[in-house]
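Okay, thanks for coming, everyone. I've got a few minutes on charged side chains, so let me put the structure up.

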Amino acid sequence: MFILPSHGTVELKHEDQREGTWLSQDRFAVVPQNRAHETRAGIGAHRHVAIYVTGAILRRLDREIGSLSEFHRRTRTTALVRRTATVRALQALSLRNDGGAYGNSGVKHSVSSALLVQCIAEVMAGEMMPGEPEPSSGCVDGTRWASRSPGRAGAEWRQ
């Protein structure tokens, strides 16, 4: 699972770090499949995107785009990765709601897929970050994308 805060902070607790790590817009997390984890909103409004990716999708990407061996090596445990401007821009585009605009579902699918691939690329070549126990300031077919905000039902998009 990839978790990318878009507004506010989210605390992530997982098997590897039970005291929790605070995520904000400067980083995203990758939690390996079958790892127990828990999230909790920070004080104030928050919103985040969670991308759930199946093993079948990762095998397909490995076959069609290139080896994911470095991705798998870096994500044996939960990883925190510095978020680049490219990831922030793709995330912002994936959250846009242009209503019934022509081709909107195709555009959303393509942008969400690009976000997933870019997140994988950032894990493979980007800057890994240490966890912080204290709060800081302040698609490919088969993936599931979810945007969450407190007090409202989460919007989900499934392929």
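**Salt bridges in the model**

Let's start with Glu 127, which is partly exposed, at 45% relative accessibility. Keep in mind that this is a predicted model.

So who does Glu 127 pair with? Glu 127 forms a salt bridge with Arg 82, and the closest N and O atoms are 3.0 Å apart. This pair ties together distant parts of the chain: Arg 82 sits in strand β7, residues 79–82, while Glu 127 is in the loop between α4 (104–125) and β8 (128–129), and the two are 45 residues apart. Arg 82 is partly exposed too, with a relative accessible area of 34%.

Okay, how many salt bridges turn up in the whole structure? The search finds five.

Next one: Glu 70 and Arg 73, whose side chains meet in a salt bridge at 2.6 Å, N to O. Because they're three residues apart in helix α2, residues 69–74, about one helical turn separates them. Glu 70 comes out as partly exposed at 25% relative accessibility, and Arg 73 is partly exposed as well, with a relative accessible area of 45%. There's also a network here: salt bridges link Glu 70, Arg 73 and Arg 74.

Last pair for today. The side chains of Asp 26 and Arg 27 meet in a salt bridge, 3.4 Å from N to O. Buried or exposed, what's Arg 27? Arg 27 counts as buried, because its relative accessibility is 2% and the cut-off for buried is under 20%.

Notes:
Residues numbered from 1 in each chain as written. Predicted model: local features only at pLDDT ≥ 70, side-chain atom pairs only at ≥ 80, totals over all residues. Heavy atoms only, no water. Salt bridge = Lys/Arg side-chain N within 4 Å of Asp/Glu carboxyl O. Buried < 20%, exposed > 50% of the residue type's maximum accessible area, 1.4 Å probe, protein only. Helix = DSSP H or I, 4+ residues; strand = E, 2+ residues; numbered from the N terminus.
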